[in-house]
Amino acid sequence: MQKFSPYIGIPVMLMGLVVMLSNLLVTFPINDWLTWGAFSYPFCFLVNDLTNRYYGAKQARLAVYAGFIVGVFLSFLVGDARIAIASAIAFLSAQLLDIAIFNRLRNKIWWQAPLFSTLIASLLDSLLFFSLAFALTGLPWFSWALGDFAVKIAMGLCLLPLFKILAGKQYVLKNS
């Protein structure tokens, strides 16, 4: 059984809090293309990619599983059950995909792994979450998914410099 790094609790709590906050914010539409949750959720990808960079894929997966539990628990406490369930499925699927892509690209130019893993996993997350949370509700879930994905692309690009600063020269070269 894999043990947690002593510092893994930080990304676990950050992921859980971002998921809970995003699940609350997604219930506040800005328009027919966007909800406020689109601006908070991309930070999960940043936390995941930094965890993967610092500790490797195995520890990142453990952080995702634990963050999943924290995020689902908090989301059920403060929000709608359908949103919490959709979020849980989308979060777990997208974050594990993010880890797999990041790990394959980790030895490339520094920006490739966080950018491509975030973009591809964000597409999966947006489609899964919005279809499961809002399909058949009469709400504009498909346009929200498109707007959400567009914001995730923009946020992924904007968060690259922050990733570079926080990752520093911490490049775990082992494939986990």
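Modeller: What follows describes the nonpolar cores and then the pocket.

This is a predicted model, in which local features need pLDDT of at least 70, side-chain atom pairs count only at pLDDT 80 or more, and totals for chains, interfaces and linings use all residues. Residues are numbered from 1 along each chain as its sequence is written, and side-chain values use heavy atoms, with hydrogens and water left out.

A nonpolar core is a set of buried Ala, Val, Leu, Ile, Met, Phe, Trp, Tyr and Cys residues joined through side-chain atoms within 4.5 Å; buried means under 20% relative accessible area (1.4 Å probe, protein chains only). The largest such core has 18 residues, and Met15, Tyr41, Cys44 and Phe91 have the most contacts inside it. Helices here are DSSP runs (H or I, at least four residues), numbered from the N terminus. H1, H3, H4 (57-78) and H5 (81-105) each supply at least two residues of this core, and H4 gives the most, with five.

Leaving aside residues up to four places away in sequence, Cys44 touches Met15, Val18, Val19, Phe91 and Gln95; contact means heavy atoms within 4.5 Å. A second, separate core of 11 residues includes Ala38, Leu50, Phe102 and Ala167.

Leu50 is also among the residues that line the largest pocket, as are Tyr7, Pro11 and Leu166. A pocket is an open set of points on a 1 Å grid over the protein atoms alone, where a 1.4 Å probe fits, with protein on both sides within 12 Å along at least five of seven lines; lining residues have an atom within 4 Å of a point. H3 (42-55) and H1 (9-25) each supply at least two lining residues, and H3 gives the most, with five.

How values were computed. Buried means under 20% relative accessible area, exposed over 50%, partly exposed in between (1.4 Å probe, protein chains only).
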